[in-house]
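Student: I should be grateful for a close look at a single part of this model. Please describe that part in one connected account and then place it in its setting.

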Amino acid sequence: MSVLMDYCLYHPEPDGRNLVAKYLEKSPPPADSDEMIALRAMTEAYYSLFQITEVERGVGVTVQDLLRDETGFIVDIGFGNTAQRHLILASRIIPIEGFLTTGGAALPVDPAAGRRIFDELRRMKQTPETFDFKRISPLQEAELAALVIRTCLSSGMSSHVAYAEPGGQTRSPTGPAEAPRPGRNDPCPCGSGKKFKKCCGRS
């Protein structure tokens, strides 16, 4: 349900604006309020695939954006407590000054799902090597999000999502999955088709 809600909030209407932009236009909060800061950041939100490169327990994770070739730090206590290095996740990211946060509906991406996503992006001629994801249109981003979400859900990835209970307890149908580091000559788990050492294992 959280994935569906996130998609509906950010899916562009025919005029190119989403519900967040329309709300900001119709009911703007005070200019210097926390709500305004949050809403402005939400208007800059984008969807992508991220590989976790470092974990800071109880704080968040450093990630490599596999589509935009950028790094950033996602502040998320849940990820900080449960994430494993090399895990790939799909999420909408909300950039706030100096750090990133998710829209709250991230999905894990296993190697098979990653390959399917990148195969479809190649078919659409939208790979990181041939397409500038930093200049993606709202409609293209919505199509990208739909492709990734459909692939992850059809691969059973939602069964690996853990939910925080009131009081801080975390429940998960399968528990947090370990993400072992691939061998240098193994296929990269991002689905690029390259060896790990030539792709995400370069750092």
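**The part in close view**

Tutor: In helix α6, the buried residues are Glu 141, Ala 142, Leu 144, Ala 145, Ala 146, Leu 147, Val 148, Ile 149, Thr 151 and Cys 152. Buried means under 20% relative accessible area, exposed means over 50%, and partly exposed lies in between, with a 1.4 Å probe and protein chains only. The model is predicted, so local features need pLDDT of at least 70 and side-chain atom pairs count only at pLDDT 80 or more, while totals for chains, interfaces and linings use all residues. Residues are numbered from 1 along each chain as its sequence is written, and side-chain values use heavy atoms, with hydrogens and water left out.

Helices (H or I, at least four residues) and strands (E, at least two) are DSSP runs, numbered from the N terminus. Helix α6 covers residues 138–154, and its 17 residues should span 24 Å at 1.5 Å a residue; the end C-alpha atoms are 24 Å apart, which agrees. That expected span is 1.5 Å times one less than the number of residues. Just after α6, Gly 156 has a positive phi of about 80°.

The cover over the buried residues of α6 includes α1 (2–10), β1 (46–56), β4, β6 (107–109) and α5 (111–123). Contact here means heavy atoms within 4.5 Å.

One residue may be followed in detail. Thr 151 lies in helix α6 and is buried, with a relative accessible area of 6%. Its side chain reaches the backbone oxygen of Leu 147 at 2.8 Å. Setting aside neighbours within four places in sequence, Thr 151 is in contact with Ala 113, Arg 116 and Ile 117.

Strand β4 (residues 88–96) runs antiparallel to β5, with four bridges joining them; two strands pair if DSSP finds at least two bridges between them. Together β4 and β5 form a hairpin with two residues between them, and Gly 98 in the turn has a positive phi of about 90°. Within this pairing, Pro 95 stands opposite Leu 100 in β5. Strand β4 is also among the elements that cover the buried residues of α3, as is α2 (19–26). In α3 (residues 34–43), the buried residues include Met 36, Leu 39 and Ala 41.

As for the whole chain, there are six helices and eight strands, and buried residues make up 40% of its 203 residues.

Conventions. Polar contact = N/O pair within 3.5 Å; in protein donor to acceptor, adjacent residues only side chain to side chain.
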